[in-house]
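Subject: Structure handover

Hello,

Here is the structure for you to take over.

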Amino acid sequence: MQQEESNYRFQVNLQGMIELLSGHLYSSPRVYLRELLQNGTDAIRARIQHDPDYEGQISIEVFSSGDGHHTLIFEDDGIGLSEAEVHTFLAIIGESSKRRAEMRDSDFIGRFGIGLLSCFVVSDEIVLITRSIHSDVAIEWRGKPDGTYLLRRLEGEFSPGTRIYLRSKLGFEEYFERSTVRDLCRQYGGMLPFPISLSDGMKSEIINAVKPPWLLPDWQHTAAPEAVLEHGRQLFGENFIDYIPLRSEIGDVSGIAFILPHRASIAAKTQHQVYLKGMLLSEHVENILPDWAFFVKCMINTNDLMPTASREEFYEDAKLAQVRESLGNCLRDYLVYLAEHDLPRLHKLIAIHFLSIKALAVQDDQLYRLFIKWLPFETSQGRLTMEQILELNTEIRFTSSLDEFRQISRVTAAQSMCVINGGYVFDTELILRLPQFFPQYEIVRINPLDITESFEELTIAELQSALAFLRTADLVLQPFGCKAEIKKYLPLELPALYSTSEEATFMRSVERTQEQTNPLFASILESLSQAFGMQTPHGQLCFNYHNPVIAKLVRSDNTALQGKAVEMIYVQALLMGHHPLNQQEMRLLNNGLLHLIELGMR
Ligand SMILES: Nc1ncnc2c1ncn2[C@@H]1O[C@H](COP(=O)(O)OP(=O)(O)OP(=O)(O)O)[C@@H](O)[C@H]1O
């Protein structure tokens, strides 16, 4: 038997929708004012499509009724709504007049048809009085969060436009206070092109009268640089060192990038203030500039990027990627200009923001060629620019990790050997690219174990006298996976140098974790170290025969003293190389110290 089929319609539970929006889509109840400002602006822009000379405005009034509630009246003299439009656009969630074919939708900020619902987060009723420019009749619409609404035609004279009345919900009064409304209007609407007046019945003010100079046409030729920087200071509270105008035809983007007066971290992405068609989208947009541009803070307006429904970010699409590239090019062109025409300013910038420039030079040949000379690197002879390094050396030596650099920086410095620490971000990549631009230089990666090989050997007689000591040292060091060596090197004050390979440093950290972790993980790590074959010695302690204490120790016939001294020198060498100590080594240090104290007291 065939069942009869019936057609039903989906229903929307409006209360549920409001909870969804307020709990998940909107970051705060404050956005209700943003949505009102956006609808008012869109309505004026729609009216201008009919009358290009029209100059619209928005006015807001706030007052408190004696019962503790507050009321906000929001009025625009935009296009208004007819009775039929009220039924369609206000009563159907998701309907928006701004996606209609007859409207030039690129003028509008709204598009999803849900923004007005944000008013229910702060008010139990939305009362809207509107008259369309195409109709003589004004309509009153009263919407409730339970999904019902009342509609009536109003008698009397009304000029075209829309007025919205909101009464504060219990607990949401603060969002209606004059000072809050003023701050929110400034924050969201400070850059809107139409005047926004705010009044509390006693005092009235235009809250967006003063605009930043860079929003004026031709500002680059007319505005004084100090005035631009001063405006940046007021906006972001920083004394920026310079600014760069930004422009991208794709996305119709314009704005300004201020150069930060302090070093910025790559990890903490700079957040920019971004506007969409003059309305603040967010003060925390991170993805509008390339990753390397962490030395600037921007204020940007776009007329042609797609906001997400929360209206706090942009869709990560191909257009956004192109905008990012164009804005990156503005910054890049500025740097190139400085390199060619204004070196003092470039040096000032590099002194603070060399990391950004390194990030850029790594991926861009032209910038590499332009900037590499002035970029600073840490070397065993102190901080030097690449130009200074190239002047002093024909062979460019570097270590690829900070650990390795720390192991050898003191000894290499003492032999007047320049070794660059390639352990910092971008540095090894920059060094490896050198031969591409300076083929006359040879690049050598230094392994700390190689350094000891270049030290002066002991004479046969000296070596014979040191054999007993070396045997004792080997016995002491064996449990620590370390073998003893003895050579002559500078600086004299250094008694011994601990060196190890990168893999062995890794294995030391595995061993330390093994000590601290639970038995299961420890056994996994154990099998890992076996797989790496790390049971054989992986470190080397090279004693310095030039050091007077070592020379004496080698000649001593007190084996017990020699053993204790080797333990302490080993731990000291580890600490000097910034190698963290494991439990066994900690014990060695503690016992050794106590032993010394005891000796002193005897
Ligand atoms: N002040 C106003 N003047 C004229 N029409 C308005 C006004 N406010 C709202 N509307 C009408 O109500 C519709 C729904 O508004 P709502 O704010 O919910 O969504 P939207 O602005 O279209 O899109 P979005 O959700 O992206 O903000 C609008 O498309 C518009 O037609």
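This is a predicted model: local features need pLDDT of at least 70, side-chain atom pairs count only at pLDDT 80 or more; totals for chains, interfaces and linings use all residues.

Helix pair H8 and H9

Helix H8 (residues 318–341) packs against helix H9 (residues 343–363) at an angle of about 135 degrees, and their axes are 12 Å apart. H8 and H9 are therefore oblique to each other. The crossing of H8 past H9 is left-handed. On the H8 side the contact consists of Arg-332, Leu-338 and Ala-339, and on the H9 side of Arg-345, Leu-346, Leu-349 and Leu-360. Sorted by class, the contact of H8 with H9 holds five nonpolar residues, two charged and no polar ones.

Helix pair H16 and H20

The other pair is helix H16 (residues 460–477) with helix H20 (residues 559–576); the angle here is about 55 degrees and the axes lie 9 Å apart. The crossing of H16 and H20 is right-handed. H16 contributes Phe-469, Thr-472, Ala-473, Val-476 and Leu-477, which meet Thr-559, Gln-562, Gly-563, Val-566, Glu-567 and Tyr-570 of H20. The contact of H16 with H20 comprises six nonpolar, four polar and one charged residues.

The sheet

An open sheet is built from eight strands in the order E5-E4-E3-E6-E2-E1-E7-E8, with mixed pairing. Its edges are strand E5 (149–154) and strand E8 (204–206), each of which pairs on one side only. From one strand to the next the twist averages 15 degrees.

Both partners of E1 can be described in some detail. With E2, E1 pairs in the antiparallel sense over seven bridges, and Ile-58 stands opposite Asp-76 in E2. The hairpin of E1 and E2 has five residues between the strands, and Gly-68 takes a positive phi near 95 degrees there. With strand E7 (residues 196–199), strand E1 (residues 58–64) runs parallel, and four bridges join the two. Across this pairing, Ser-59 stands opposite Ser-197 in E7, while Glu-61 stands opposite Ser-199 in E7.

Helix H2 (residues 31–50) lies across E1, strand E2 (70–76) and strand E6 (161–168), and runs at about 20 degrees to E2. Helix H3 (residues 83–90) touches strand E3 (123–131), strand E4 (138–143) and E5, and its direction makes about 25 degrees with that of E4.

The ligand shell

H2 and H3 come up again around the ligand: each supplies at least two residues of the shell. Which helix gives the largest share of the shell? H2 does, with five residues. In total 23 residues surround the ligand, and the closest are Ala-43, Ser-96, Ser-97, Gly-110 and Gly-115. By class, the shell divides into 11 polar, eight nonpolar and four charged residues.

That is what I have for the handover.

Regards

Key
Residues are numbered from 1 along each chain as its sequence is written. Axes are lines fitted to C-alpha atoms, for helices over the stretch in contact, and angles run from 0 to 180 degrees between N-to-C directions. A crossing is left-handed if the near helix is turned anticlockwise from the far one by less than a right angle, and right-handed if clockwise. Two residues are in contact if their C-beta atoms, placed from the backbone, lie within 7 Å. Ala, Val, Leu, Ile, Met, Phe, Trp, Tyr, Cys and Pro count as nonpolar, Asp, Glu, Lys and Arg as charged, and the others, Gly among them, as polar. Two strands pair if DSSP finds at least two bridges between them. A residue is near a molecule or strand if its C-beta atom, placed from the backbone, lies within 6 Å of it. Angles under 35 degrees count as roughly parallel, over 145 as roughly antiparallel, 65 to 115 as roughly perpendicular and the rest as oblique.
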